[in-house]
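Trainee: I would like to go through this structure term by term. Please set each value against its definition.

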Amino acid sequence: VARLGRILDSSTNEIYVFDATSLRFLEANEGARHNLGYSLDELRQLTVLELKPEFDRERFDALIAPLRCGEREVQIFETVHRRKDGGRYPVEVHLQFLAQEAPPLFLAVINDISDRLKVQEHLRRSEANLAEAQRIAHVGSWEFDLATRELSCSEEFYRIFELGQDHPRITYDSVLAAVHPDDRTLVDRAYQDSVAHHTSFGMVFRLVMSDGRVKYVRSVCETHYGDDGHPVRSVGTVQDITPQQLTEQALNRSNRALRALSSCNAVLIHATDEGTLLQNMCRVITDTGGYRLAWIGFVERDEAKSVRPVAYAGFEHGYLDTLRLTYHDSERGRGPVGLAIRRGEPAVVRDVDSDPSFAPWCAAALARGYRSVLSLPLRNKDDVFGTLSIYAAEANAFDNEELRLLIELADDLAFGITSLRARQECTRLQSANLEVVQRHKQALVDAIRAIAMTMEKRDPYTAGHQQRVADLAVAI
């Protein structure tokens with residue numbers, strides 16, 4: 001044991017030997033005595049457990065049991081050592097059973113891991129701070145191994161794609177499958193081109209979640225190449241920009257509705273006849289507002305309760321001929337036009353491809369690039385006399401602010417139509433009244449002339465005198 005003690009003193013590690021049965025210290029090198037603060041004689045009065053506050057005899061026996069039975073040659077574990085002054089420090093213990101000795105001994109080699117744990121804690125905090133920063137900014141990081149086609153992703157990446165940490169192995173192909181079908185080919189081609197041409201990749205595209213929701217993300221990356229010029233790995237980020245994108249879309253929609261409203265008010269001010277007004281309103285909605293199609297229909301008071309298109313503008317291509325609309329509560333009356341007329345309020349189809357009420361017109365609408373529809377009632381003081389229908393090229397158009405502006409536009413149009421009709425009726429009545437006045441005036445002249453002729457017949461000497469006086473008076 002003495003010879004072993006001299007060997008241990010030459011080691012820079014903290015090393016000691018203790019009895020396998022009593023667990024009392026037998027030898028401890030200089031490093032152990034220095035760190036623990038005990039002399040060798042003091043240590044020989046102690047057991048190992050007195051320096052390891054985390055262990056009792058039962059737990060320690062369970063720890064060393066694999067060494068006693070030969071299942072393991074070395075048992076490695078981390079614990080805390082208690083110094084003589086009560087201070088504690090973390091250690092990593094390498095424990096070996098010396099069965100050939102008599103009595104059997106344990107050899108323990110201990111490393112003070114205080115610095116390592118500080119580095120690990122610093123790294124853990126850095127990783128936690130990075131993860132928190134990514135969560136706040138909605139930015140996930142990823143690394144793509146081009147040889148294995150596997151992705152290493154951060155927690156925020158999983159959150160953005162709404163995947164659990166226990167999700168099966170993520171690959172480039174599985175991520176590409178989450179991209180919106182309309183964007184998938186474009187994203188793949190853009191990334192492959194960036195790798196082939198040694199350029200950075202960056203673009204905005206959509207993801208489709210498992211429940212059908214759509215997210216907008218911005219992804220950027222750079223590819224690293226080997227000495228032979230072949231691509232090795234791509235490192236990048238993906239950021240969820242859905243709120244910003246939706247806000248921008250809402251603003252754009254509000255702006256186009258506001259432009260249409262402003263231009264339509266100018267049309268209303270200069271309108272002189274109804275036909276020109278209706279056509280110009282549709283034209284402004286599509287040309288200035290940027291909508292795919294706009295058309296106006298008037299309510300027919302016939303037995304079929306039909307709706308007659310009277311004006312349109314935009315990409316129509318025979319679409320109105322396929323409608324055969326009615327405001328009766330039937331299949332062709334349950335679309336947005338029929339609902340707007342019956343209820344007297346706006347009717348919106350967010351997506352013509354999925355709304356069952358639009359089924360009779362779905363195929364024709366999709367073929368012409370219509371994805372959402374808004375029908376607005378045109379009202380006078382008594383009832384609904386028509387509708388203004390507006391078609392957008394994107395699904396889920398006509399949010400609350402855009403709808404508010406377009407309702408105002410439809411109300412202004414209805415007022416303009418009503419005012420033109422009232423003006424035309426007033427003009428008609430004025431013409432009729434003027435005609436009556438002219439007839440009355442002529443009747444009065446004829447009556448006076450008849451009286452004059454009657455008087456002249458009684459006195460032939462003055463015949464024609466009154467007429468000649470009248471002519472002279474007019475001449476004067």
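This is a predicted model: local features need pLDDT of at least 70, side-chain atom pairs count only at pLDDT 80 or more; totals for chains, interfaces and linings use all residues.

Trainee: Why are helix 9 and helix 10 called roughly antiparallel?

Mentor: Helices here are DSSP runs of H or I with at least four residues, strands are runs of E with at least two, and both are numbered from the N terminus. Helix 9 covers residues 242-270 and helix 10 covers residues 274-287; they pack at an angle of about 160°, with axes 9 Å apart. The axes are lines fitted to C-alpha atoms over the stretch in contact, and angles run from 0 to 180 degrees between N-to-C directions. Angles under 35 degrees count as roughly parallel, over 145 as roughly antiparallel, 65 to 115 as roughly perpendicular and the rest as oblique. The two helices are therefore roughly antiparallel.

Trainee: Which residues of helix 9 and helix 10 meet?

Mentor: Contact means heavy atoms within 4.5 Å. From helix 9 come A260, S263, C264, V267 and L268, and they meet L277, N280, M281, V284 and I285 of helix 10. By class, this contact has 8 nonpolar, 2 polar and no charged residues. Ala, Val, Leu, Ile, Met, Phe, Trp, Tyr, Cys and Pro count as nonpolar, Asp, Glu, Lys and Arg as charged, and the others, Gly among them, as polar.

Trainee: What makes E274 buried while E248 is partly exposed?

Mentor: Buried means under 20% relative accessible area, exposed over 50%, and partly exposed in between, with a 1.4 Å probe and protein chains only. E274, in helix 10, has 16% relative accessibility and therefore counts as buried. Leaving aside neighbours within four places in sequence, E274 is in contact with F298, I417, L420, R421 and Q424. E248, in helix 9, has 45% and so counts as partly exposed.

Trainee: How do you know that helix 11 is mostly covered?

Mentor: Of the 8 residues in helix 11 (residues 336-343), 6 are buried. They are P336, V337, G338, L339, A340 and I341. These buried residues pack against strand 11, strand 12, strand 13 (347-349), strand 14 and strand 15.

Trainee: What makes a set of residues a nonpolar core?

Mentor: The set must be buried Ala, Val, Leu, Ile, Met, Phe, Trp, Tyr and Cys residues joined through side-chain atoms within 4.5 Å. The largest such core has 37 residues, and L277, L378, L388, L406, L409 and L413 have the most contacts inside it. Its largest share, 9 residues, comes from helix 13. A second, separate core of 29 residues includes L23, L46, L49 and I64.

Trainee: Why are R149 and F398 picked out for their phi values?

Mentor: Most residues other than glycine have a negative phi. R149 has a positive phi near 60°, and F398 has a positive phi near 65°. R149 is in the loop between strand 6 (139-145) and strand 7 (150-153); at 33% relative accessibility, it therefore counts as partly exposed. F398 is in the loop between strand 15 and helix 13; at 0%, F398 counts as buried.

Note on methods:
Residues are numbered from 1 along each chain as its sequence is written. Side-chain values use heavy atoms; hydrogens and water are left out.
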